[in-house]
Amino acid sequence: CREVLTRVLDRITPHLRPRGVLPHSELSFEAEAIGAEADASPSLLDPPPSGAPPWTVGLHYLLWPVKALMHLTIPDVMEGARRKAERHKSNPTEPLGVAALSAGSCVAWLIFNSLVMVTTLEKVGAILDIPDSVIGITISAVGTSIPVFVASSVAARQGLGNMAVSNAFASNTFNILVGLGLPWTLYCALVSEDGTYDGMSSGDGIVNSIVILAASLVLTVLLILQGGFVLRMWHARLMAAVYGLFLVYAVGRVYVLGLDNEEYEDNNDA
């Protein structure tokens, strides 16, 4: 009877554990794994490794106050998961509250930094007499795309290729539909008297940029289909070369052909 009772208890015990709660041994293993991963991840406040270029060290200490604010205002998800695992409360990989707060803080910092970057670039362009179209397609475009580049690189290094590619496409979709649509909606609803926005001009190269964007999208899709959803090195080199040609064309049409200079000077005079 004792053997039968023992077998019955062994079979029903796993089903009696609350859902989402791991046994003590699994929690200890998860805590150690999370702790090791957190220790391997460098902190924003850590100095650059020995042998780093001087400009990297100087940039680190120049931006240290901003890094300290980000370190204090963005919760560490890894640390919260480790503490949760050490208390053996529940699944340590699901600190949803801390993750939501951390994601919200990151979005707030992105909005603030984007505002500072755009305002600074406008002032720099006005001082150096650089048209807004050149600033937008060079420095501003690269600056706003760095978070997407970092996120896609991290996903690709972790073997999440679909996430990396989807992130690149989804970010551009968001930029076009929300990044442009929402400000236009607010302007037309709250500022414009006739409910329209007439601040664009074909002389700024917007039509050409739209055509190039559509062609780049078609080229990317064709490359993915041609390679059977396998990306190769020559694909990356081709994309980099196409982007370089786009920069040469966009800057050359202003400073060589002078297509946007007249309108830019008229706007400055106004």
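**Entry: ground rules.** I noted that this is a predicted model, where local features need pLDDT of at least 70, side-chain atom pairs count only at pLDDT 80 or more, and totals for chains, interfaces and linings use all residues. Residues are numbered from 1 along each chain as its sequence is written, and side-chain values use heavy atoms, with hydrogens and water left out.

**Entry: the pocket.** I found four nonpolar residues, no polar and one charged in the lining of the second largest pocket. Here Ala, Val, Leu, Ile, Met, Phe, Trp, Tyr, Cys and Pro count as nonpolar, Asp, Glu, Lys and Arg as charged, and the others, Gly among them, as polar. The lining consists of Leu44, Leu63, Val66, Lys67 and Met70. I wrote down its space as about 160 Å³. A pocket is an open set of points on a 1 Å grid over the protein atoms alone, where a 1.4 Å probe fits, with protein on both sides within 12 Å along at least five of seven lines; lining residues have an atom within 4 Å of a point. Grid points are joined across faces, edges and corners, and the volume is the space filled by probe spheres set on the points.

**Entry: annotated spans.** Residues 135-156 are 100% helix and 0% strand, with end C-alpha atoms 30 Å apart. Residues 238-256 are 95% helix and 0% strand, and their end C-alpha atoms lie 25 Å apart. Helices (H or I, at least four residues) and strands (E, at least two) are DSSP runs, numbered from the N terminus.

**Entry: aromatic pairs.** I counted two aromatic pairs in the structure. The ring centres of Trp109 and Phe112 are 6.0 Å apart and the planes are at 85°, so this pair is edge-to-face. Rings of Phe, Tyr and Trp (its six-membered ring) pair if their centres lie within 6.5 Å; planes under 30 degrees apart count as stacked, over 60 as edge-to-face and the rest as tilted. Both residues sit in helix α6 (residues 96-128), three residues apart, about one turn of the helix. Trp109 is buried at 13% relative accessible area, and Phe112 is partly exposed at 48%. Buried means under 20%, exposed over 50% and partly exposed in between (1.4 Å probe, protein chains only).

The rings of Tyr243 and Phe246 have centres 6.4 Å apart and planes at 40°, so I logged the pair as tilted. These two are three residues apart in helix α10 (residues 233-255), about one helical turn. Tyr243 is partly exposed at 36%, while Phe246 is buried at 18%.

**Entry: single residues.** Which residues does Ser152 touch, not counting residues up to four places away in sequence? I found Ala164, Asn167 and Ala168, where contact means heavy atoms within 4.5 Å. Ser152 lies in helix α7 (residues 132-157) and is buried at 15% relative accessibility.

Ser114 is in helix α6 and partly exposed at 32%.

Most residues other than glycine have a negative phi. Phe229 has a positive phi, near 60°. Phe229 is in the loop between α9 (206-226) and α10, and is exposed at 65% relative accessibility.
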